[in-house]
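Let's take a walk through this one, starting with the ligand sites and ending where the chains meet. Keep the viewer open as you read.

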Protein chains: 2
Amino acid sequence: MLLGSVEAGGTKFVCAVGNEDYRIIDKTQFPTTTPEETLQKTVDYFKKFPELKAISVASFGPIELRQNSPKYGYITNTPKPGWANTDFVGRLKKDFDVPIYWTTDVNGSAYGEYVMATLFNEKINSLVYYTIGTGVGAGAIVNGHFIGDLGHPEMGHVRLKRHPDDLDFKGICPFHGDCLEGLVAGPTFEARTGKKGQDIPLTDHVWDIMAFYVAQAAIQVTLILRPAKIVFGGGVVSETFLKKVRAQFKELLNNYVDVGDVDKYIVMPLVKENGSATVGDFALALKEYNK
Amino acid sequence: MLLGSVEAGGTKFVCAVGNEDYRIIDKTQFPTTTPEETLQKTVDYFKKFPELKAISVASFGPIELRQNSPKYGYITNTPKPGWANTDFVGRLKKDFDVPIYWTTDVNGSAYGEYVMATLFNEKINSLVYYTIGTGVGAGAIVNGHFIGDLGHPEMGHVRLKRHPDDLDFKGICPFHGDCLEGLVAGPTFEARTGKKGQDIPLTDHVWDIMAFYVAQAAIQVTLILRPAKIVFGGGVVSETFLKKVRAQFKELLNNYVDVGDVDKYIVMPLVKENGSATVGDFALALKEYNK
Ligand SMILES: Nc1ncnc2c1ncn2[C@@H]1O[C@H](COP(=O)(O)OP(=O)(O)O)[C@@H](O)[C@H]1O
Ligand SMILES: Nc1ncnc2c1ncn2[C@@H]1O[C@H](COP(=O)(O)OP(=O)(O)O)[C@@H](O)[C@H]1O
Ligand SMILES: [Zn+2]
Ligand SMILES: [Zn+2]
């Protein structure tokens, strides 16, 4: 069976076709330009696969995912020029008479990691996936389902206690200044130090400051959701960085609640090279098809 | 049909018997002394109702609610003298051969409010219930179910940004100092001012400080869970106080995500006099019976 995946990012789109074992059969990517052009390219790509049985889209946001809303399937009030109020699912439906699943990019990644964990025989019902890249966002699965009654979570924008050595930094979130995204997104390296993150050795103190904030986010989500694991993906994240995050997390948590082995609780994605969303999309498309 | 409810608090137990309309038929309460004595009184009470079809317990914690744990049904590592490692459900099962549901006190209250909202025709799938009394805790329902894969949430212990006029206050949480509970539980009034909360007029600035912290907790839970509503119960909470909380919440949220009408989003319990857990217990006992 052929299943379609769209990973709709603010910078680029990744479209892929796979099977019910979540294996990629074909894949393409193109830059995110205007909605018309980018969605046309998406449609053109999938038209090459007339056997396609379902499509899942994991999109940048904010998006409308309340099925009873007239704007269901839209990208809503994004600051990205041209993209506010874009009927994404409607555009696909015009050309494809197959079930279409619609969720956020980070939900797609969370679901991919959830499915992979299950395939690796982890007995879990919940998972949180954070991406720390150009922006910061998170998707969550609770009791096997996505969460969000009034809309999708915006966990990238929680407020945190400031690090004593970082009090002068205003943060770069255009909405909140020093929220999580404003303090740890990739471009904060340039804002703090004038250098890109990839050019700053992990021994630099700025990485301890980063880890302090990321650990706090992990603590918040632990106390509120009690998930089975927290996965961190995105360009900023490395195993060396997560070691620092785990150390700060343990100190802040102080054994207050049981999370098992922290090395298995705070982890890198099982799917390499930020491919979690594609796996998630195949699984969600299959689920939508079987519904 | 007769259903049993135990609201097991650290100070007192409230036992009640009701019907499938969640109406109380009989009710009693007694102080929480030793586990032996208190659980014996609970058993003796329900023995008067041989028609009882199911019991639900909403207990102070921490408790073990993972069904695959050998300690399922226990109160675990509570600091309350004598109560650590108490097999609560096991004690009831010795005397009652009926289904027994087991959850936290705040989950019980959350479920009661959820059921009541549904009876009032609110179309919701999620809800968070905070109690602000001697301690602070919260229960949550997502997609109609409780959350927590590794255990129940501990939302009372999240960390917050400190209010500029409150920086000298160390907080009273024995574990964390200035977590949410450490900053807004009832006894913080005595700790800050030497007077009880009930003796401090709502015009006093200390109430603005309280509202600032409670609003932050509401923001965290909004961004992480996107619940349909947040209910605040417990001795500290009044409608006048919630007005202050809503004002600070709106300012902090700054329309970043849509929560609808804040007056309907941040609310007092529908069930009066902290009776939400009893209604929740009846509903959970009925659900357990029908399973
Ligand atoms: N090794 C690295 N260390 C720190 N930051 C990095 C590293 N590699 C990439 N980044 C930063 O991550 C961001 C890009 O994140 P990425 O997840 O790759 O893309 P996007 O979020 O745009 O999809 C950029 O801000 C980049 O500077
Ligand atoms: N009107 C009030 N204003 C502020 N605090 C109050 C008020 N009434 C009670 N409290 C405080 O609430 C706490 C008791 O909370 P309550 O929910 O009644 O009990 P518990 O949490 O022990 O079940 C006490 O610390 C008490 O001082
Ligand atoms: Zn922000
Ligand atoms: Zn605490």
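What follows goes through each ligand site in turn and then the contact between the chains.

One thing to keep in mind from the start: this is a predicted model. Begin with ligand 1. The residues around it come from chain A: Thr11(A), Gly133(A), Thr134(A), Gly186(A), Pro187(A), Phe189(A), Gly197(A), Gln198(A), Trp207(A), Gly234(A), Gly235(A) and Val236(A). Sort that shell by class and you get four nonpolar residues, eight polar ones and no charged ones.

Now zoom in on the oxygen atoms of ligand 1. Thr134(A) puts a polar side-chain atom 2.6 Å from one such oxygen, and Gln198(A) has a polar side-chain atom 2.8 Å from an oxygen of the ligand. With Gly235(A), it is the backbone that takes part: a polar backbone atom sits 2.8 Å from an oxygen of ligand 1.

Over to ligand 2, which has its surroundings in chain B. Its shell includes Thr11(B), Phe189(B), Trp207(B) and Val236(B), and by class it splits into four nonpolar, eight polar and no charged residues. Look for the side chain of Thr134(B), where an N or O atom is 2.6 Å from an oxygen of ligand 2. In Gln198(B), a side-chain N or O atom is 2.9 Å from a ligand oxygen, while Gly235(B) brings a backbone N or O atom to 2.8 Å from an oxygen of ligand 2. On its own, ligand 2 has 570 Å² of accessible area, and the protein covers 65% of it.

Next, zoom out to the two chains. Here 36 residues of chain A are in contact with 36 residues of chain B. About 3,200 Å² is buried between them, with carbon and sulfur atoms giving 56% of that area. On the chain A side, Leu150(A), Ile224(A) and Tyr256(A) lose the most area to chain B, together 23% of what that side buries.

So what kind of polar pairing is found between chain A and chain B? There are 16 residue pairs in polar contact, but zero salt bridges by the rule used. Strand S10 (145-146) and helix H6 (205-225) of chain A each supply at least two residues to the side touching chain B, and H6(A) gives the largest share, five residues. By class, that side of chain A has 20 nonpolar, 10 polar and six charged residues.

Terms used. Residues are numbered from 1 along each chain as its sequence is written. Chains are lettered from A and ligands numbered from 1 in the order in which they are written. This is a predicted model: local features need pLDDT of at least 70, side-chain atom pairs count only at pLDDT 80 or more; totals for chains, interfaces and linings use all residues. Side-chain values use heavy atoms; hydrogens and water are left out. A residue is near a molecule or strand if one of its heavy atoms lies within 4 Å of it. A polar contact is a pair of N or O atoms within 3.5 Å; within protein, one must be able to donate a hydrogen and the other to accept it, and residues adjacent in sequence count only if both atoms are side-chain atoms. Ala, Val, Leu, Ile, Met, Phe, Trp, Tyr, Cys and Pro count as nonpolar, Asp, Glu, Lys and Arg as charged, and the others, Gly among them, as polar. Contact means heavy atoms within 4.5 Å. Buried area is the accessible area (1.4 Å probe) that two parts lose on being put together, summed over both. A salt bridge is a side-chain nitrogen of Lys or Arg within 4 Å of a carboxyl oxygen of Asp or Glu. Helices (H or I, at least four residues) and strands (E, at least two) are DSSP runs, numbered from the N terminus. Accessible areas come from the Shrake-Rupley method with a 1.4 Å probe; for residues, only the protein chains shown count as cover.
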